[in-house]
Amino acid sequence: PQRPNKGIQMLSVQPDTKPKGCAGCNRKIKDRYLLKALDKYWHEDCLKCACCDCRLGEVGSTLYTKANLILCRRDYLRLFGVTGNCAACSKLIPAFEMVMRAKENVYHLDCFACQLCNQRFCVGDKFFLKNNMILCQTDYEEGLMKEGYAPQVR
């Protein structure tokens, strides 16, 4: 998926400034805070996802635009993201789901485990990719020893 289009900034309205017009409702913004996104100003209630109606200023500091829609990350990925299949279980991975990647393979978080002993990997754990199989260090080294590739100890 592509990167977010723009950031959302929350700004304090200075009491001595002329009220800005809201890009969503075209009324003057007289609130204490306003949002700036897409080089326009918005009421906090007016900058919403076109699909789920969530207030974008509350769900993060990014928004996505495509086909004249303003979207939250989840709906952008649901509508325009790429789905694929897990390299371990072959089941569909929705575009909005978090994944683990190893080279060109993509995995569900729950499927990212050693395919011999089922040890799950945590962030920072060492793993090996051999013949398109994810292996923990122990199973990888045992496989090398069986194949005669282990370094010779003298």
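**Figure 1. Asn 26, an exposed residue in a loop.** Asn 26 counts as exposed because its relative accessible area is 68%, and exposed here means over 50% relative accessible area, with buried under 20% and partly exposed in between (1.4 Å probe, protein chains only). Look for Asn 26 in the loop between β2 and β3. Strands such as these (E, at least two residues) and helices (H or I, at least four) are DSSP runs, numbered from the N terminus. The backbone of Asn 26 has a positive phi of about 70°, although Asn 26 is not a glycine. Most residues other than glycine have a negative phi.

The model shown in every view is predicted: local features need pLDDT of at least 70, side-chain atom pairs count only at pLDDT 80 or more, and totals for chains, interfaces and linings use all residues. Residues are numbered from 1 along each chain as its sequence is written, and side-chain values use heavy atoms, with hydrogens and water left out.

**Figure 2. Asn 132, with a positive phi.** Asn 132 lies in the loop between β11 (127–130) and β12 (133–136). Its phi is positive, about 65°, although Asn 132 is not a glycine.

**Figure 3. Lys 18, in the loop between β2 and β3.** The loop that holds Lys 18 runs between β2 (9–12) and β3. Is Lys 18 buried or exposed? Lys 18 counts as exposed, because its relative accessibility is 68%. From the C-alpha atom of Lys 18 to that of Val 82 is 44 Å, and the two residues are 64 apart along the chain.

**Figure 4. The largest nonpolar core.** This core has 19 residues, and those with the most contacts inside it are Ile 8, Trp 42, Leu 47, Leu 56 and Leu 63. A nonpolar core is a set of buried Ala, Val, Leu, Ile, Met, Phe, Trp, Tyr and Cys residues joined through side-chain atoms within 4.5 Å. Two or more residues of the core come from each of β3 (33–37), β5 (62–66), β6 (69–71) and α2 (73–80). Of the elements, β3 gives the most, with three residues.

**Figure 5. Leu 47 and its contacts.** Which residues does Leu 47 touch, not counting those up to four places away in sequence? Among them are Ile 8, Leu 35, Trp 42, Cys 54, Leu 63 and Ile 70, where contact means heavy atoms within 4.5 Å.

**Figure 6. A second, separate core.** This core has 10 residues, including Cys 86, Phe 112, Ile 134 and Leu 135.

**Figure 7. Two domains in one chain.** The chain is divided into domain 1 (3–78) and domain 2 (82–146), with bounds from an automatic or database domain assignment. Taken over C-alpha atoms, the domain centres are 39 Å apart. The UniProt annotation "domain: LIM zinc-binding", from an unreviewed entry, covers residues 20–82 and 84–146; UniProt positions are given in the numbering used here, feature names are shortened, and annotations may be inferred rather than shown by experiment. Residues 20–82 are 19% helix and 25% strand, while residues 84–146 are 16% helix and 32% strand.

**Figure 8. Strands β1 and β4, lowest and highest in confidence.** Mean pLDDT is 72 in β1 (residues 6–7) and 93 in β4 (residues 40–42). pLDDT is the predictor's confidence in each residue, from 0 to 100. For the protein chain the mean is 84, and 92% of residues reach 70 or more.
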